[in-house]
Amino acid sequence: MRFRGKLIDVSCIQHFTRVLGTISKIIKSCVLRITPSTWYFILSEKVISGGIQIWCELPQGHFFDEYAMDGVSAEDNEIYLEVVPENLIKALRTAQAAKWIKIKLTKKHAPCLTVEVDLPTVSAHSRLVVHDVPVSVVPHRMWPDYQEPKLPKFDVSICMPQIKTLKNIVEKMKNLNNCLTLAANYNGELKLSVSTDMVSVSTHYQDLINPVKRDKDSDENREPQEFSEAKIDIRRFAQFLSGQQVIPNRVVCNIVHKRVVHFYLQHEDVSLQYFMPVIAT
Amino acid sequence: MNCVIPGVNIKVFGRAVQSLSKIGEELYVEPLEHGLALRTVNSSRSAYACFLFAPSFFQHYDDGSGQTTNGSGKEEGEEEAIRCKITMKSCLTVFKSVYTLEKTVERCKIKLDMTESRLVFQLHCRHGIVKTHNLAFIECETLQAVFSKDMCPNSLTASARLLCDAVQNFQNNQEEVTLIVKPDKILLKNYVEDEPDPTKVMHTELRLEPEEFDNIQVGVDSEITFCLKEMRAILAFSEATNLPVSLKFETAGRPIVFSIDSDSAFEANFVLATLADTMTQQGGSSNVPTESKTSQKRKHTSNSRTSVKAINKSQTSRKETESMNIGRANETEEQSVRINEHEDSFLSRRKPNNKSPDHEGRSNRLNAALSELMNDDMDDIMLDQETREEISKQPIPPELGTKSVSGRDRITTRSPVPSTSRENISPLIPLQSSKPQIFNITTEDVEMKENEEEEEELVPGTPPSKRFRSMFFGSQSSTITQSSQRTVTKELSVLAEDTDDEG
């Protein structure tokens, strides 16, 4: 098992840091799957421990100038590591102006992702900072736990409004109750509502885009203006919204009525899928 | 004391206070003939900081010597200015925003108002605005760390920028860093404790090229670990003033001294304890029953052990002991708690050799008691004058007097005359029992009091023993006005070893 990669371009370094920053804000610990073409950050919680599923893809060519890896075997040319994304972020925090960053899989006191940073100095000297981020290797037999989640057939999918405005609203709603009802229809309408015994607050968005047109055949018994809704944990939603450090080109919210809420974020080549557990009503 | 800081220097002064505030909670202010000293020590006594602002730093400087302090009988003839301490918090409010200080303040007056018992900071701002801060203070002893910069085999001088850039790479919650110095390389590493699991912790290592330093001198290869928080405080100051920092150090377990020197206006010294590794632990501590236990508490040893031994052995062995013990490299929380518990009962040092046999005996007991408390892993024993006086009234359990050592009195003193007289009384220590605060007066005590008065008359002619000044991290109160108030009694005096000139 071998991995090394090198980032040189400043914008790549910054973008990489922001993507990792976003991940570190929403997950404490996750699995990093390294394949010859892509880095994946995967969280697949069992239902009993929360049931969040996250699947994030970073095409390596987008970030790395040099990239070399050997997986566990020729046929399974992949590496699965359990990492704490926050540690990676800490290592990258001072590296924003670095001349280059090397990321290597090493065996030191423990298996580590070693982040070597060459920092610019006032004088001509190079200053090398080495961060050893401890990781643990996920054994081959556990790999099936980290497969890409299957997408169900969604009742509705809708492009979300700007994350920032959404965040402000959700932050306010957070003070009212612990759960929020997210509802959308094929008329380009999104509704966020929170209610308590005393008050009921909802925010409506109109004229949003439905990226997928309604399938007339299977949805014949549903009217376009009919809302599909799901109740989610408001704190988790707020955390997801406030963790965004990349302003994604597109954020799609998919809902299976009272069953599944799925967010799909896409920015250039990077994509992130977030399955948020639904609170049964 | 009465001094005026000109507007151009107010920023430096404010930064100094801010830097000190990151280390200790009390600010010791001492006007000296050669400048105003601001000092502090952190709560675990592992870091000490001292700024000395020369008279040339001020527009006007009067250390107040010659003024009579509040005329308490014992202090008559007192020529020294008053020493006091104020809470860091209160002082920080005066210098909270360096930016506004720099923009608005034209001069800052500092004076001691003895009638009101306030230390007064007066900021004369633009447009004739005068802000006056009257800060309550406590008279106290000199706070003095015992260290020597000149003897250190290793020395690095670097621009603040270089060290700041280096330190930035560590996490904010990183407690300690390790500096590894070899002639060809300088490494900074984060110090990872054995617990919880070192394999789960991020390791960061940074290599600095020797050429980047302004000056580098490596006498012995060393690997020292010290607190990052204090180092950041130092760097914040040096970066703000754009002055290079020089680091002087030896090996693990010996203190590292950071100093910043602006040619004539001021100098700053920060002394940080370093962790001692197991290699530097010294054996032969049979007379120190708790040592093995304490030394295993953490794998750090401390100089305290050296000092314990030094005291328990004969004087000559003190030669080996050295100049400074600012404190335990590494107090654990529990240790610092112990310090606090014992503070009241701590005794200051040995007495002069020329004492009567009666005193000799007491000094033995003192030493025994001292060694006992040293076993508590402390070499920086601090106590205040009042405490000592009260302690001296306590009966000493005879079993404490075990070994015989007599040493010169080594208390740091800026006002040698009165304090020496007090030292003569002091050398008694209460039992380190669970109730250290019982003060019964027995006949023995009464006798002692008499003795103390006799000696008081003898001693005033004694010349100040300057060489001790740098030997102790101690404090000595110049007045005894508060001796009746136990509430103000936490003055401190740190013990350190004897020098070889004793032997």
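## Salt bridges in the model

A salt bridge is a side-chain nitrogen of Lys or Arg within 4 Å of a carboxyl oxygen of Asp or Glu. In this predicted model, a search of the whole structure gives 17 salt bridges over all chains.

One of them joins the side chains of Asp70(A) and Arg2(A), with an N to O distance of 3.0 Å. Asp70(A) belongs to strand β5 (residues 66–70) of chain A and Arg2(A) to strand β1 (residues 2–7) of chain A, so this pair ties together parts that are 68 residues apart in sequence.

## An open sheet in chain A

Chain A contains an open sheet of four strands in the order β14-β13-β12-β15, with antiparallel pairing. Its edge strands, which pair on one side only, are β14 (200–205) and β15 (228–233) of chain A. On average, neighbouring strands of this sheet are turned by 20° against each other, direction ignored. Strands of a sheet pair through backbone hydrogen bonds, either parallel or antiparallel.

Strand β12 (residues 179–184) of chain A runs antiparallel to strand β13 (residues 190–195) of chain A, and four bridges join the two. Within β13(A), Lys191(A) is the residue opposite Ala183(A). β12(A) and β13(A) form a hairpin with five residues between them. In the turn, Gly188(A) has a positive phi of about 75°.

The pairing of β13(A) with β14(A) is also antiparallel and has six bridges. Here Leu192(A) has Thr203(A) in β14(A) as its bridge partner. These two strands, β13(A) and β14(A), form a hairpin with four residues between them.

Which strands does helix α3 of chain A touch? Helix α3 (residues 163–173) of chain A packs on the sheet and touches β12, β13 and β14 of chain A. The direction of helix α3 makes about 170° with that of β14(A).

Helix α4 (residues 234–242) of chain A packs on the sheet as well, touching β12, β13 and β15 of chain A. The direction of this helix makes about 90° with that of β15(A).

## Where chain B meets chain A

At the interface, 23 residues of chain B are in contact with 21 residues of chain A. The area buried between the two chains is about 1700 Å², and carbon and sulfur atoms give 51% of this area. Asn169(B), Met202(B) and His203(B) supply 32% of the area that chain B buries against chain A, more than any other three residues.

Two salt bridges are found across the interface of chain B and chain A. The side chains of Arg127(A) and Glu212(B) meet in a salt bridge, at 2.7 Å from N to O. Seven residue pairs are in polar contact across the interface of chain B and chain A, both residues having pLDDT 80 or more. On the side of chain B that touches chain A, α4 (160–168) and β14 (203–208) of chain B each supply at least two residues. The largest share of that side, six residues, comes from β14(B). By class, the side of chain B that touches chain A has eight nonpolar, seven polar and eight charged residues.

## Strand pairing between the chains

How many bridges pair strand β9 of chain A with β14(B)? Strand β9 (residues 127–134) of chain A pairs with β14(B) over four bridges, in the antiparallel sense. Asp132(A) stands opposite His203(B) in β14(B). His203(B) is also among the three residues of chain B that together supply 32% of the area chain B buries against chain A.

Conventions:
Residues are numbered from 1 along each chain as its sequence is written. Chains are lettered from A and ligands numbered from 1 in the order in which they are written. This is a predicted model: local features need pLDDT of at least 70, side-chain atom pairs count only at pLDDT 80 or more; totals for chains, interfaces and linings use all residues. Side-chain values use heavy atoms; hydrogens and water are left out. Contact means heavy atoms within 4.5 Å. Buried area is the accessible area (1.4 Å probe) that two parts lose on being put together, summed over both. A polar contact is a pair of N or O atoms within 3.5 Å; within protein, one must be able to donate a hydrogen and the other to accept it, and residues adjacent in sequence count only if both atoms are side-chain atoms. Ala, Val, Leu, Ile, Met, Phe, Trp, Tyr, Cys and Pro count as nonpolar, Asp, Glu, Lys and Arg as charged, and the others, Gly among them, as polar. Two strands pair if DSSP finds at least two bridges between them. Axes are lines fitted to C-alpha atoms, for helices over the stretch in contact, and angles run from 0 to 180 degrees between N-to-C directions.
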